[in-house]
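Thanks for coming. I'd like to walk through one model today, and I'll keep it short.

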Amino acid sequence: MPYYQPKIDIRHGEVKGVEALARWLHPEHGVISPAFFIPQLENQPLIDTFTEYLLHKVTHDLKQWLKAELTISVSANLSAARLGQKGLLEFLDGLCLAQEVPTDRLVFEVTETMLMGHLASSIGTLTRMRLKGFGLAMDDYGIGYSSIQQLSRCPFTELKIDREFVHGAASQVSKRIILESSIQMGRRLGVLTVAEGVETHEDWLLLAELGCDMAQGYYIAKPMPAQELTGWLQHYRPRR
Ligand code: G
Ligand code: MN
């Protein structure tokens with residue numbers, strides 16, 4: 001089942017969206033992170049059923065939030081295998097129609113490392129997804145050494161900077177350089193910049209100073225189940 005983590009607009013403090021993160025509620029071990037079960041699923045047909053189930057749940061939850069006038073978008077992570085599969089676009093399109101959610105309320109995240117390994121084969125699908133109105137995010141940016149030329153070829157709407165370069169960047173020069181240049185590059189490319197792993201007030205202040213658009217991380221909220229998020233959204237007051 002998905003947990004959801006809020007993503008906040010740094011300038012105005014509003015909640016812009018949430019990221020759906022796969023969590024497995026194990027009867028004995030409690031909440032299990034996807035790092036422990038996604039790799040086992042990745043090369044098996046089961047991942048399809050799993051992703052499909054997750055996306056059904058995500059669009060269902062999104063529909064409830066939109067009905068309650070909580071105007072957010074939801075991001076979901078897509079693997080290289082999934083992106084390369086035939087029928088993905090039809091599936092996503094059909095899902096949005098069935099659940100009556102506009103495509104522009106959904107964002108799909110693809111990691112930078114994954115994308116750079118499959119650039120030529122992915123670009124067509126990504127472009128068609130974008131034309132359908134879906135948002136696209138480059139996830140965990142900063143560890144894949146992609147060139148500006150490669151980036152500019154991808155039809156992205158968001159650049160998510162890896163938490164490695166976010167938390168602690170105020171006191172570590174090397175992190176700060178990567179953070180700062182990633183934000184600048186995102187702005188030049190005309191995409192929204194999102195910092196992952198914002199854990200402290202200090203992280204937040206630096207991002208505001210550097211002109212980053214959005215923040216996600218424990219400083220704002222941890223990932224939580226859909227119902228808990230509904231309450232959180234209703235009680236949330238913008239922070240500055
Ligand atoms: O790769 P991706 O960015 O999608 O990873 C999200 C993961 O990061 C989730 O499993 C989530 O629990 C974790 N996470 C979310 N916010 C924070 C944070 O502020 N700090 C750290 N260390 N991890 C976080
Ligand atoms: Mn992600």
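I'll take the metal site, then the ligand beside me on the slide. Keep in mind that this is a predicted model.

Start with the manganese ion, ligand 2. Its protein donors are Glu19 and Glu109, each through OE, Asn77 through OD1, and Asp139 through OD. They lie 2.1 to 2.5 Å from the ion. If you want to find them along the chain, the spacing is E-x57-N-x31-E-x29-D.

What do Glu19 and Glu109 tie together? Glu19 sits in strand S2, residues 15-22, and Glu109 in strand S6, residues 106-111, so this pair links parts that are 90 residues apart in sequence. Are these two buried or exposed? Glu19 has a relative accessible area of 5%, so it counts as buried, the cut-off being under 20%. Glu109 is buried too, at 1%.

Now ligand 1. It is surrounded by 15 residues, and the closest are Arg23, Arg163, Glu196, Glu199 and Tyr218. By type, the shell divides into 7 charged, 4 polar and 4 nonpolar residues. Strands S2 and S7, the latter being 135-141, each supply at least two residues of that shell.

Next, some polar contacts. Glu196 has a polar side-chain atom 2.9 Å from an oxygen atom of ligand 1. For Asp140, a side-chain N or O atom is 3.2 Å from an oxygen atom of the ligand. As for cover, ligand 1 has 520 Å² of accessible area on its own, and the protein covers 79% of that.

Conventions
Residues are numbered from 1 along each chain as its sequence is written. Chains are lettered from A and ligands numbered from 1 in the order in which they are written. This is a predicted model: local features need pLDDT of at least 70, side-chain atom pairs count only at pLDDT 80 or more; totals for chains, interfaces and linings use all residues. Side-chain values use heavy atoms; hydrogens and water are left out. Donors are N, O and S atoms within 2.8 Å of the metal (3.2 Å for Na, K and Ca); water is not among the atoms, so sites may look incomplete. Helices (H or I, at least four residues) and strands (E, at least two) are DSSP runs, numbered from the N terminus. Buried means under 20% relative accessible area, exposed over 50%, partly exposed in between (1.4 Å probe, protein chains only). A residue is near a molecule or strand if one of its heavy atoms lies within 4 Å of it. A polar contact is a pair of N or O atoms within 3.5 Å; within protein, one must be able to donate a hydrogen and the other to accept it, and residues adjacent in sequence count only if both atoms are side-chain atoms. Accessible areas come from the Shrake-Rupley method with a 1.4 Å probe; for residues, only the protein chains shown count as cover. Ala, Val, Leu, Ile, Met, Phe, Trp, Tyr, Cys and Pro count as nonpolar, Asp, Glu, Lys and Arg as charged, and the others, Gly among them, as polar.
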